[in-house]
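Subject: Structure handover and notes

Hello,

Here is the structure for your files. My notes come after it.

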Amino acid sequence: MARPGMAPGGQLAGPRKLDPDQMPSPIQVMSDDQANRAGQFVTNLKGQVPPLTTTRFTVVDQGNASPRMLRSSIYNVPISPDMLKQTGIPLALSIAPLAELPEGELPPPVVDLGELGPVRCIRCKAYMCPFMTFIDGGRRFSCPFCKANTDVPQEYFQHLDHTGQRLDKYDRPELCMGAYEFVCTKEYCRNNEIPKPPAYIFIIDVSYNNVKSGLVHLLCNNMKEVLRQLPVDVGQAATAMKVGFITYSNVVHFFNVKACLAQPQMLVVGDVQDMFVPLVDGLLVDASEAEAVIDSLMEQLPAMFAQTRETEVVLGPAVQAGMEALKAANCSGRLFVFHSSLPTGQAPGQLKNRDDRKVLGSDKEKHVLTPQTQFYNNLGQECVQVGCSVHLFLLNNAYVDLPTLGQVVRLTGGEVFKYTYFQADLDGDRLLRDLSRAVGQPAGFDAIMRVRTSTGVRPVDFHGHFYMSNTTDMELAAIDSSQAVTVELKHDDKLTEEDGVYIQAALLYTASSGQRRLRVLNLSLNVCSQMADLYRSCELDTITNLMVKQAVSKVLDSSPRAIRDSLTAQCAQILASYRKNCASPSSAGQLILPECMKLLPLYANCILRSDAVGGGPELTIDERSNHMYLVTSLPVRRSVPYLYPRLLPLDGLDPDATALPAPVRCSQDKLHDAGLFVLDNGVHLFLWVGLQLAPDVVQDLFAVQSVAQIDVDRPSLPELDTPLSIRVRGIVEEVRTERQCHMKLTVVRQRDKLEMVMRHFLVEDKGSDGSASYVDYLCHLHKEIRALLT
């Protein structure tokens with residue numbers, strides 16, 4: 001349909017003043033997708049584009065893995081490398097092998113073939129999957145990845161029916177489903193030994209800052225509840241995981257909490273230059289068996305360090321201590337490290353202060369965003385060899401050099417949780433919820449992931465939190481349900497339309513029960529020779545997920561300007577190529593966008609403005625670095641709101657409704673003086689209050705007479721027994737549960753100082769730092785496209 005200023009087919013006409021509301025809208029795209037694609041998504045067709053991650057749908061696995069676990073940027077792969085190169089569209093996969101599934105979807109079934117172990121192709125080692133074809137009366141199978149034929153093991157043999165399918169096809173998940181797990185034999189284990197269940201070690205910095213902020217008290221008072229969240233594997237009655245406790249300041253303290261002791265025992269290692277573990281027996285215990293001793297330790301710890309004045313802390317030796325403890329116990333696991341300040345103590349990993357936030361956004365920023373020493377990189381690699389992952393909880397009041405410290409997190413498949421100016425009474429609830437979720441969520445340990453593809457394409461580039469010692473295997477000390485890896489593929493040969501493209505991602509890992517398993521995800525894509533088919537089957541959210549990760553990975557070796565120009569050039573190429581090869585002829589003054597890519601200009605501008613890529617001096621170096629780590633491992637469902645935040649109007653709420661209100665476009669124009677809005681991007685959560693908000697609403701929600709009296713420093717809404725208060729608190733809670741971390745609620749009064757902070761996330765408007773609005777960027781991109789076409 002044509003609108004004013006638009007030509008038919010969603011094209012911008014002529015030079016008149018553009019109306020932002022006429023620009024392609026993500027709100028519209030998401031609501032159309034919800035209307036057309038909600039319900040069941042059956043995965044029985046090759047090259048079928050999935051619903052958006054924002055759409056509520058239920059996956060029925062009939063041969064291709066759920067798009068929650070495996071998504072492609074393109075579902076119709078161009079037949080030749082030249083065709084793909086000409087369009088500039090990346091071919092990439094976003095893989096979240098342990099993604100959380102909504103109610104009503106079953107986890108991938110577990111297949112146990114006993115001593116035989118997983119059945120594999122003799123040449124490329126791909127695992128048995130629905131794309132294998134059986135020949136020779138079922139005695140051999142042909143592999144779609146490398147075309148080799150393999151003999152079927154005697155104990156796996158089954159006759160074929162008249163269509164050439166095995167008679168037991170629907171009794172075996174690996175022959176009819178896209179996602180399933182094999183129980184592994186000893187050959188798949190480290191040193192050919194069945195692994196022990198993994199362990200969690202809590203490593204707490206007990207220096208002055210953490211004692212004063214109330215952190216040590218908070219953790220000790222709530223540890224019992226946190227340990228109740230330990231994961232229980234399917235078919236188990238209780239968790240098999242062990243736990244241990246280490247504290248540190250300028251020395252490291254180990255605790256023996258063996259169940260038979262009357263009191264916990266503390267052993268101190270003062271020589272932090274050469275870390276060793278002074279005890280093996282009693283450091284890692286079963287939390288329920290040793291409950292009384294752990295309780296006793298938690299009571300004693302706060303008193304033990306209450307008078308400390310220690311401010312010179314170490315960090316390297318504390319992580320080494322946890323790693324050595326796992327190594328000594330011969331198990332994999334994760335360290336939960338609670339750290340407060342720049343490690344200036346005399347020890348390996350000691351750092352200097354090089355805080356200079358003025359350089360952010362300039363060509364010099366890469367110097368402060370690159371690690372100042374290789375120590376934490378090397379430590380991260382050592383941790384991976386032991387299967388030791390590190391989650392870092394940062395509670396800093398000043399610079400800690402996260403670009404350097406975070407390396408150990410990035411390489412070991414961990415995550416950074418940051419609470420600046422932490423105070424237990426204000427931020428305690430948020431930290432405990434994040435910790436409980438991190439302890440309780442499904443995770444795989446000591447893992448290796450490999451992506452196999454059929455002939456003609458191959459994986460070339462990898463983004464995520466892992467370590468690679470070769471060109472094919474991602475080594476993950478741990479991976480959990482909140483993380484994904486993004487893998488870019490390239491052609492290495494011509495494809496054929498009849499074959500298609502086959503992908504198999506296999507994650508070998510140790511489950512929380514200690515069982516060694518292999519999760520296999522399969523996907524089949526079509527091949528096309530017409531460009532129009534390619535542009536019809538793109539998945540823009542996955543393309544954007546790759547683009548933001550690529551942009552972040554360039555920060556350390558390019559200038560901000562070069563990153564901006566390169567992303568803009570790529571978008572211009574994608575859209576110019578469509579215009580030239582697929583669109584019907586029209587005047588050069590019109591911008592013509594392919595249907596499934598009409599939000600590309602908006603999302604590209606959001607990438608350039610995001611804190612991870614475009615963060616200037618209003619961020620600290622640690623915050624900027626934190627966003628860069630965050631983005632590197634984001635799955636698609638989390639990168640969408642991160643780039644284009646969700647703005648929900650709360651005025652005129654129906655107190656009886658249960659669904660979230662419909663979002664509006666992310667622009668200042670949508671806010672009004674009498675309004676109430678929630679804005680969130682998965683990291684920040686704002687409640688914006690208009691100065692003219694009705695007094696009865698203010699009373700029902702904040703228990704004060706006027707907007708001016710609202711206490712904006714309070715991190716939660718008062719718990720009032722009014723329908724409006726219950727409904728709004730319910731919405732805030734639902735927004736938080738949909739996201740990965742428990743976001744801090746910031747109440748923003750219209751025209752207060754904090755409004756500038758929130759406005760930064762209204763991504764359709766011009767940025768306060770002069771960054772382009774959506775309309776301006778669209779016009780700039782249009783100019784670039786016209787230059788390419790002429």
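This is a predicted model: local features need pLDDT of at least 70, side-chain atom pairs count only at pLDDT 80 or more; totals for chains, interfaces and linings use all residues.

Residues are numbered from 1 along each chain as its sequence is written, and side-chain values use heavy atoms, with hydrogens and water left out.

Helices and strands are DSSP runs numbered from the N terminus (H or I and at least four residues for helices, E and at least two for strands). Axes are lines fitted to C-alpha atoms, for helices over the stretch in contact, and angles run from 0 to 180 degrees between N-to-C directions.

Helix pair

Two packed helices are described by the angle between their axes and the distance between the axes. Helix α14 covers residues 540-554 and helix α15 covers residues 560-581; their axes come within 10 Å and cross at roughly 150°. The two helices are therefore roughly antiparallel to each other (angles under 35 degrees count as roughly parallel, over 145 as roughly antiparallel, 65 to 115 as roughly perpendicular and the rest as oblique).

On the α14 side the contact (heavy atoms within 4.5 Å) involves M547, Q550, A551 and K554, and on the α15 side I563, S566, L567, Q570, C571 and I574. By class, six of these residues are nonpolar, three polar and one charged. Here Ala, Val, Leu, Ile, Met, Phe, Trp, Tyr, Cys and Pro count as nonpolar, Asp, Glu, Lys and Arg as charged, and the others, Gly among them, as polar.

Strands of a sheet pair through backbone hydrogen bonds, either parallel or antiparallel. Two strands are taken as paired if DSSP finds at least two bridges between them. An open sheet of four strands runs in the order β5-β7-β24-β22, with antiparallel pairing. Neighbouring strands are turned by 25° against each other on average, direction ignored. Helix α14 packs on this sheet and touches β5, β7, β22 and β24 (485-491); the direction of α14 makes about 95° with that of β24. Within the sheet, β5 and β7 (residues 91-95) pair in the antiparallel sense over three bridges, and S72 stands opposite L93 in β7.

Three bridges join β10 (residues 140-142) to β11 in the antiparallel sense, and F141 stands opposite T150 in β11.

K147 sits in the loop between β10 and β11. Its phi is near 70°, a positive value in a residue other than glycine. With a relative accessible area of 48%, K147 is partly exposed (buried means under 20% relative accessible area, exposed over 50%, partly exposed in between, with a 1.4 Å probe and protein chains only).

Strand β29 and its partners

Five of the five residues of β29 (residues 676-680) are buried. That covers both faces: L676, V678 and D680 lie on one side, F677 and L679 on the other. Strand β28 (residues 646-649) pairs with β29 in the antiparallel sense over four bridges, with L648 bridged to V678. Strand β30 (residues 685-689) is antiparallel to β29 and joined to it by five bridges; here F677 has W688 as its bridge partner. β29 and β30 form a hairpin with four residues between them, and G682 in the turn has a positive phi of about 90°.

Two further residues

N330 is in the loop between α7 (316-329) and β18 (333-339). The phi of N330 is near 55°, positive in a residue other than glycine, and at 42% relative accessibility N330 counts as partly exposed.

A438 belongs to helix α12 (residues 424-440) and, at 3% relative accessibility, counts as buried. Not counting residues up to four places away in sequence, A438 touches Y200, F336, H391 and F417. A438 and C388 are 50 residues apart in sequence and 15 Å apart in space, C-alpha to C-alpha.

Regards
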